[in-house]
Amino acid sequence: MLHPATRSLAALLALAASACSSGPAPGADAGAGPAGSAAAPDGGAGAPAAPLPPAAAGALRAPVREGGALARAAREEALYVADEDHGVLRVVPLPLDPARLGAGVPTPGRPAQVLALDGRVLATVRDPGLLLILRPDAAAGLVELGRVPLPADAWGIAVTPDEKTAIVTSAWTHKVSAVDLEAGKTRWTVDVAREPRGVAVLPDGSAAYVSHLVGADVTRIDDLGGAPRVRRVALPAAPLRAPSGERLAASLGYALALSEDGRRLFAARHALGAMGHAAWFGAATVDVLLTGRDEPLAPPHHGDLPVLRSAFAEQVITPESVITLPGASVTPVTQPRAVAYRKRARTLLVAGEGDDLVLEVDATAVDPTLAIVKSYPVGGRYDPHIRVAGTCGAPTGLALSADEATAWVFCRATGDVAAVRLHDPVAGPAVALAGAASSAGAAGAAPAEGPAALVHLADDPLGPEVAKGRRLFYSALDGTVSGNLGCAGCHPEGRDDGYVWREATFSTADGEHANFVGRPENIPEVAKRKGYPRRTPMLAGNVGAAGPYGWHGENEDLLERLQAGMGLHRWGGLPIDHTPAGLAARATYLTMFIRRGLVTPPRAEGAADERVKRGQEIFHSDEAKCSRCHVPTSDYTDRMAYPMPKRPPPPGYDEDPRPEYKTPSLRFVGGRPPYLHDGRAGTLAELIEQNADWMGKTSHLSPEDRAALVAFLETL
């Protein structure tokens, strides 16, 4: 067979059309699947099996061993919800019935995830860091059996196959711990990369994988029952949608899932800089790791592969398959938050926090987000002036019924639980091509009508005004606030994505606009412009001051900054029907939420050691001059903009013509690398080492004193 590069354009089009029209449904036994789903070697697994036939309830679903914001009871009599914003665990009886809802079981702190086992329920608590061990109770809902102290910000949870050990991630403190569930004690704790979140344990219990809110790599931990061995595993984000020869960064790595045999690990997240039609922010992705070799399934994108372009999609022709890249739809789902593996259909469900839907994709695909099975909307367009009846905003948790015919969805922004009927994998629709849909947010196959049932658990704990801001913060559907990405897409939980964006003025069909882009290659018209570096700032705990705001202190107050941001976070200009009053109203609601609704990270308690005390002395000294600008009494900033000596920008960025920069707050600085407006310093130690006398004076410090200064900064 001729290499695709030697074929005529007509032959390539015929090949593409054939692949698009005749690809088998998910789970079909074939050597080459639908677009993006060519069967690839994965350690000897071979082609995927045909869909399993219907069977009795409970017989199809293997025990769920990964936690989430929502979990199904082992006998399917109830759902459990980790309601972080109300600080309770909720027991939701099945079938869904508003008349049967209870008030919730208070927890010692905000619960993050819950996992239901047979006769036990586990839940993580963020601050103080805890693992709660509970049992179901007909009268009380849940009764606590014990609690295990953990590093602060305990978040993700999974159990080993024998259900004797729980693996727990602690996000802000970047730790992973193993808990002996029989003894109620911690076996070990290891340090890992920033913001560990989702965790999944291989079916044989030999290793656990951990995803991260920041960064593309995943962490593998071996020998869970002995002396744990930690290593980072490269998993490039959306390699088929990356610029040729480039590796993309990732964010929003909240969740992981495994295939039933454990040979494929699925990481749902956001690929920063992924290419697509007007994809200024990149695109959602489900990246697949072959666990037998710890290698990504998808190959890297190289420029010598022929690409077919059309108004709706781009198709990369490889010797093995035709891979369709998103065209008309920017991304098939926005802000992935939760995942569930549907064994019977060999598909993956992905909850889109930003566009209020659940996307079902082919789990056998090279890039599952390019092989869409069905889209299930659970919410609707949101008017910030009223709460739309029957909507489910910001899907955060997913759980499957035992027969896998129903998915339940917990929506954090509105406090709802929705039931969604899933398509029949035997008689359901064939896989659709990403980019073939006519409307963004419903790419691929025709969407379902909406939830089959919905119950409202509770109103917003901070009142209706903050509730409007909460909904706007998570939603990517409000075209005035941003262009198809919610605030939470760059500021997850009010923290940050660790990314250095590009700000530049671009010419579009409706004039010139200052916009952010992930990479200049995202927008072909502006590929020659690199843009000025703009490191995503952390919001939680850092937006209480009156002003000014912006890297240059260019906005007088937070309301003005938010309205300016509405023009920056998109491609092109604001919608033609926007009004000043509409901008101001949205900014007001958002201000209420990000000041009152976002929760700051935990801070370590206890007396400072001698090294921290020495660092504090240096910080306040007349020689170092740190505290002259980073004023302790005002969140370690004087909020003034100062002209800084020019430094060449990092590679891939333009030099900013404005030399003055506002003093940033140092609150929580130890947990949010990289540093400076351009992210040039990967660690605080590197920042102090490179600083010399650029900010304050540190060139006179000995290595020991530099280490002491870093130790002090990490306590702020």
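Visitor: What should I know about the model before we start?
Guide: The model is predicted; local features need pLDDT of at least 70, side-chain atom pairs count only at pLDDT 80 or more, and totals for chains, interfaces and linings use all residues. Residues are numbered from 1 along each chain as its sequence is written, and side-chain values use heavy atoms, with hydrogens and water left out.

Visitor: Okay, Arg-535. Buried or exposed?
Guide: Arg-535 is buried, at a relative accessible area of 5%. Buried means under 20%, exposed over 50%, partly exposed in between (1.4 Å probe, protein chains only).

Visitor: Which strand is Arg-535 in?
Guide: Strand E35, residues 532-535. Strands (E, at least two residues) are DSSP runs, numbered from the N terminus.

Visitor: And what does Arg-535 touch?
Guide: Leaving out residues up to four places away in sequence, its contacts include Asp-496, Trp-551 and Arg-672. Contact means heavy atoms within 4.5 Å.

Visitor: How far is the backbone oxygen of Arg-672 from a polar atom of the Arg-535 side chain?
Guide: 2.8 Å.

Visitor: New topic. Which strands make up the open sheet?
Guide: The order is E5-E6-E7-E8, with antiparallel pairing. Two strands pair if DSSP finds at least two bridges between them.

Visitor: Which ones stand at the edges?
Guide: E5 (111-116) and E8 (141-149). Each has a single partner strand, so one side of each lacks a neighbour in the sheet.

Visitor: How many bridges join E5 and E6?
Guide: E5 and E6 (residues 121-125) pair over 4 bridges.

Visitor: Last one: where is Ala-255?
Guide: Ala-255 lies in strand E17, residues 249-258. Ala-255 is buried, at 11% relative accessibility.

Terms used
Polar contact = N/O pair within 3.5 Å; in protein donor to acceptor, adjacent residues only side chain to side chain.
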